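Let's take a friendly walk through this model, beginning with a helix and ending at the ligand.

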Amino acid sequence: MKRDLAKQKAQELLSKMTTEEKVAQMIQVTYTDGGREEALKWAKMGAGSFLHVLGDDARELQREAMNTRLGIPVIFGIDAIHGHGLNTKATIFPSQLACACSWDPEVAKVMGEVTAREVATDGLHWTFSPVLCLGRDPRWGRVNETFGEDPYLAGELSAAIIEGYQGEDLSDDEHILACAKHYLGYGEATGARDAYDTEVTERKIREVFLPPFKRAVDVGCATIMTAYGCIDGTPLTAHRRILHDILRDEMGFDGFVITDWDNTQSLMTQQHVSADIVDASIKAASAGNDMIMTTKGFYEGMLTALREGKVDISVVDECVLHILTIKYEMELFEKPEKKGEPGCFGKAEHLEAAKDAARKSVTLLRNNGMLPLGDGELKKIAVIGENADNVRAQYGDWTYFTHPMPDPTNSRPAFRPYVTLWEGVKEICDEKGIEAVYAKGCAVKPAEGVDESADLDEAVRVASEADVILYAVGDVIPQFGEFADRADLDLSGRQSELFYRLKATGKPICTVFIASKPLCLGDAAEKADAVITGFNGGMFAGQALAEAIFGKLNPQGKLPISFPRKTGQVPVYYNQLPGWHGGKYWDIPQTPLFAFGEGMGYSAFAYEGLSLDEELKLRVTVKNVGDTEGTETVQIYQRDVVSSLLTPVRRLIAFTKVTLGAGEAKEVEIQLKKDDFALVNAECETVVEPGDFILYAGGSSKEEDLISINIAF
Ligand code: BGC
C-alpha cells in the first residue's frame, strides 16, 4: 500500500480512537521487564509495540492486541544487529564494523535480506538497525556497531543494508522495517562517554553526522531512533529542531521516530531537565518522538498532561498518525504476522551469506612475506591466545551471549555452526598433514588474583616447538558495548608480554586481531611478521581468517576506521582538519598505526592515468602487478584547496571494487557529482565553492597510496 493511502486509512482510524487508546499506541513495552503477564496487560491496553520478545510469545501478544476494541496490530521490534542474533538458531554475520571492512554494499544488502527473513519468520516486524553513528573515537564502547569513521562509506553501506531489510515494499512477507539510529551525533560524545554530551555545532552536524541519515531517509528507511545524550545542553529526546525541523521538514522523513531505551524517563532521572514524568512526556512527544521505548510511565504522564491542558491532543495525534501509517503500509491489519519462510533460520543459503561476508571482511594489514602459509617445509603450527578459540569474542555484541532472552540473567551455551580461528586452522592443517597445537597463553581480561604464569610458559613452550606462530589478541565481552567505554586502548592483561615472549622464540609470528574495534596493538603489530583482522566476524570468522592465512582466500578487506598508536592520539580519523602546529604529538609518529582504507592482499595494485572529464566522469587505470588474481577497492578522495572554512585534508567521495587477474589492467570509470565537492558553509548551506580541488585515487587514504590531479570548478 502506498504511503498516502496508508495515511488516509490511519487518519480514519485515529478519528475513532479514545485518548487512552492513542496514548497507549505510542508506547513500546519490553518483554524483559515484567514478563508475560505484564506484557499481556499492555497488549490489552493497546500498547503500540513490544520489543525483545520472540516467536510464540510474540504471537500470543498479537492475538491479544487483535482482540482489543479496534483490533490494532502491534509491531514487534528486535535488535537484529548483525543477524537475528538474539535468537539462538539464527545466522550471525560480522558486526557492522567488520562488515564495513568489505567496502561492499552488496555484502551489507545480503546481510539485511537474510536477517529480515529470519526476523520475519520469528513473528517480528522490525529491527533496530543499522547504526549510522560514526566510529571516530575508539574509546567508545559501541564502535563495533558502526560502519566506521567515514560519513560517506557509512552512508553507502547503510543505504544497502536498509534496502536489504526493507525490500521494495513494507508489506512484503520476507522483509522488515529498518531503524536508522542513533539520531544524532551519539558516537561523538565528549571523551567517548556513552550517551554523554556531544560538543558539535549545527554546521558540523550537517557536514559530518547528518549525511548518512540523509542517505537512509532517501532510500525510504521507515523508522529512526533518537540518540541518548545531548547537544549543547538539549537532550536529543527533547530536540525538536533536530527531530522534527531538520528530519521531517528538511530531509523529508515520513516514517516514525522512536526514543531510545527509557529515554523519556531519563529526561527526569539522568539528564535532569524534567522535574516529573508529566513534563518529560510532554517534552518527548512535542520534540518529535512518536513512539516511547520502555517508559511505561509515559502513559499516565501524557494522560495527566492532556487532562490538565498542558499539551494539546494534536501533539499525540501527529505521533499516532505516523505509527499507524506505517502499520497500514505494512498491511499489518490484514496480516498481523508476516508469513516469512518457516524454518529458514540458519538455512544453507544464509550460512553461505555469513561465510561470504566474513571472507570479504578479512583485512590483511601487514605482511613481510610470512603469509600465505605454504605447505612444503611447514610441519607444525602453534595457535596461541584466548580469542583464537572464543566464540563469544568472535561474535561480539548483540547476540544471545550478550542479550540472552527472555531471561536476561540466563547465560547460553554456544550453538553450532560456527568456526573459531583454532578450528579453522586445525581443519586446514588436517587436510594438509600439518600438526597444529593450541595453547591459550593468557586471558584477554584476566580474573583478579589468578596467576597465569604457568599458562604463559606453556604457550611459549608450545610455540617454540612449532615452525610458525599464529597469535590471537583482542578484546572480550564485557570490554565493549553499551556502558563499556575504555580509557586505555592498550592490549589488556598480559597479551603484550606474551607477544614479546613468543617473538623471542625467533619463530615467524602472525598477529590475528579478533576484537570489537581498533586497539593500540603496539609491537604486537609493529614487530609481527604479519597482522590480519576480521574484527567480530560472526559465525565463520575463524574459517575465513584461516583460509586467508593459508592463501585459500586472497584478502580484500580495507579498514573502515583508523588505528591509533596510543590512546592519547585519538581522534586519528583520516579526514582531519589542517592547521595543527607540527601536525603530530611530539612523542609518537604522525600517522595512525593503520589508516582508514588500508588493507593488502596477496596481489598488489598500481594506479595511473587519473582523469576527470566535463561530465564529471572519473577514469583511472588500475593494474594488478602481483602474480595472483585479486580484488582491489578503488578509493576516490578530494581536497578543497582553498575554502571559506576549514575543510578536511581528504574526504572520501566514491569507491568501487575491481577484480583483476595477475598482470591485468582495467580502466575504472566512476561518475562523480558536483555535490561531491561541496562543503557546508557558515550559513549552514551546502555549496560548492568555485576554485581548485585535488582529486585522488588509490588503495587507501594514505598519501603514498594515492595518485592525484588538480581540477577546478
Ligand atoms: C540501545 C539501542 C537499542 C535499544 C533496544 C538501547 O540501549 O542504545 O541501540 O536498539 O537499547 O535494545
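The buried residues of α1 are in contact (heavy atoms within 4.5 Å) with α2 (19-25) and α13 (313-329). Helices here are DSSP runs of H or I with at least four residues, numbered from the N terminus. Please keep in mind that this is a predicted model, where local features need pLDDT of at least 70, side-chain atom pairs count only at pLDDT 80 or more, and totals for chains, interfaces and linings use all residues. Residues are numbered from 1 along each chain as its sequence is written, and side-chain values use heavy atoms, leaving out hydrogens and water.

Which residues of α1 are buried? They are R3, A6, A10, L13 and L14, where buried means under 20% relative accessible area and exposed over 50% (1.4 Å probe, protein chains only). These residues sit on the same side of α1 because they cover an arc of only 105 degrees around the axis, taken from the directions from the helix axis to the C-beta atoms. The face turned away from that buried side carries the exposed residues D4, S15 and K16.

## Around the ligand

Of the 14 residues around the ligand (a heavy atom within 4 Å), D79, R142, H182, Y228 and D260 come nearest.

Polar contacts are pairs of N or O atoms within 3.5 Å. In the side chain of Y228, an N or O atom is 2.6 Å from a ligand oxygen atom; for the side chain of D260, that distance is 2.6 Å. K181 has a polar side-chain atom 2.8 Å from an oxygen atom of the ligand.

Terms used. Helices (H or I, at least four residues) and strands (E, at least two) are DSSP runs, numbered from the N terminus. A polar contact is a pair of N or O atoms within 3.5 Å; within protein, one must be able to donate a hydrogen and the other to accept it, and residues adjacent in sequence count only if both atoms are side-chain atoms.
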